[in-house]
Amino acid sequence: MSIHRPATDPHLARTLERIYRALLGRFGCQHWWPGTAEEMVIGSVLTQYTRWENAELALHRLRARRLGNLAGVAGLTNAALGRLVRPAGCASVKAERLRAVAGWIEARGGLTGLRRLPTARLRTGLCGVRGIGPETADAILLYALGRPVFVVDDYTRRVLHRYGILTGHERYGAVQQLLHSSLPPEPALYGEYHALIVRLAKTHCRVKPSCAGCPLARLT
DNA sequence: GCCCAGGTGTTTC
DNA sequence: GAAACACATGGG
């Protein structure tokens with residue numbers, strides 16, 4: 001299970017800390033997820049295979065109608081919700097996924113109800129909702145529920161591979177275990193680290209770590 | 001016009 | 001189990 005926290009590897013822990021400090025020093029705090037916990041759930045689905053800016057547009061349209069909450073999206077028809085979230089792309093697919101996850105959460109007493117459940121059980125449940133995979137489930141756990149779960153995306157894999165921490169063939173759970181084993185279980189740290197990795201990948205070093213201007217160039 | 005973006009599910013081999 | 005593909009839009 002991905003929530004396991006194996007023994008810390010001191011060398012890996014130091015490397016990850018240096019990378020984090022370098023990224024934070026270069027880019028500063030990313031201020032991801034500036035919204036309510038329920039908006040973070042909605043944003044997690046809206047941003048699937050989509051630029052965050054487009055997900056934000058869709059979220060803004062929901063907010064403007066006071067529908068940027070779980071009860072709001074759960075109460076709409078797929079067609080109506082699809083029209084509102086259109087800027088995020090895959091409108092009909094995302095409308096269905098949003099309604100599914102909102103309904104699932106509402107049926108368990110909302111986010112307040114979920115806060116009483118252990119992380120591993122929440123993750124299994126969320127992954128059982130159609131349209132919610134490991135990454136979206138972990139984004140909800142971390143950003144909406146404040147659980148110390150690292151969101152592993154392609155960028156994370158690419159960056160860690162580039163620095164020799166991964167071979168590049170590890171699966172989602174293996175990468176996550178590696179990070180959990182070597183970082184203190186602090187949700188704020190995990191959230192900022194993930195955001196910084198995305199920031200790095202979008203602006204620097206698409207090919208190799210030694211490229212000019214890369215904040216991590218001297219760490220290898 | 002082309003490429004990419006804070007994924008997931010299905011199908012096929 | 002991995003690879004290919006559909007899902008759809010907006011911005012550079």
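These legends accompany close-up views of a predicted model with a protein chain and DNA strands.

In this predicted model, local features need pLDDT of at least 70 and side-chain atom pairs count only at pLDDT 80 or more, while totals for chains, interfaces and linings use all residues. Residues are numbered from 1 along each chain as its sequence is written, and chains are lettered from A and ligands numbered from 1 in the order in which they are written.

**View 1. The two domains of chain A.**
Let us start with the overall layout. The domain assignment divides chain A into domain 1 (10-31 + 149-219) and domain 2 (37-144); such bounds come from an automatic or database domain assignment. Taken over C-alpha atoms, the centres of the two domains are separated by 26 Å. Eight residues from domain 1 and eight residues from domain 2 form the contact, where two residues are in contact if their C-beta atoms, placed from the backbone, lie within 7 Å. On the side of domain 1 that touches domain 2, the largest share, three residues, comes from H12. Helices (H or I, at least four residues) and strands (E, at least two) are DSSP runs, numbered from the N terminus. By class, that side of domain 1 divides into six nonpolar, one polar and one charged residues. Here Ala, Val, Leu, Ile, Met, Phe, Trp, Tyr, Cys and Pro count as nonpolar, Asp, Glu, Lys and Arg as charged, and the others, Gly among them, as polar.

**View 2. Helix H1 against H12.**
Helix H1 (residues 10-27) packs on H12 at an angle of about 65°, and their axes are 10 Å apart. That makes H1 roughly perpendicular to H12. Axes are lines fitted to C-alpha atoms, for helices over the stretch in contact, and angles run from 0 to 180 degrees between N-to-C directions. Angles under 35 degrees count as roughly parallel, over 145 as roughly antiparallel, 65 to 115 as roughly perpendicular and the rest as oblique. The crossing of H1 and H12 is left-handed; this word applies if the near helix is turned anticlockwise from the far one by less than a right angle, and right-handed if clockwise. Look for Tyr-20, Leu-23, Leu-24 and Phe-27 of H1, which meet Tyr-193, Leu-196, Arg-199 and Leu-200 of H12. The contact has seven nonpolar, no polar and one charged residues.

**View 3. Helix H2 against helix H3.**
The axes of helix H2 (residues 37-46) and helix H3 (residues 52-64) cross at roughly 135° and come within 9 Å. That makes H2 oblique to H3, and their crossing is right-handed. From H2, the contact takes Glu-39, Ile-42, Gly-43 and Leu-46; from H3, it takes Ala-55, Ala-58, Leu-59 and Leu-62. Six of these residues are nonpolar, one is polar and one is charged.

**View 4. Helix H2 against H9.**
H2 also packs with H9, at an angle of about 160° and with axes 9 Å apart. The two helices are therefore roughly antiparallel to each other, and they cross in a right-handed sense. Ala-37, Met-40, Val-41, Ser-44 and Val-45 of H2 make the contact with Thr-136, Ala-139, Ile-140, Tyr-143 and Ala-144 of H9. This contact divides into eight nonpolar, two polar and no charged residues.

**View 5. The surroundings of DNA strand B.**
DNA strand B is surrounded by 23 residues, and the closest are Gln-48, Tyr-49, Trp-52, Gly-133 and Thr-136. A residue is near a strand if its C-beta atom, placed from the backbone, lies within 6 Å of it. Helix H9 (134-144) and helix H12 (187-203) are the elements that give two or more residues to this surface. H9 gives the most, with five residues. The surface near DNA strand B has 10 nonpolar, seven polar and six charged residues.

**View 6. The surroundings of DNA strand C.**
Around DNA strand C lie residues including Tyr-49, Arg-51, Asn-54, Arg-86 and Ser-92. H3 and helix H6 (91-106) are the elements that give two or more residues to this surface, and the largest share, three residues, comes from H6.
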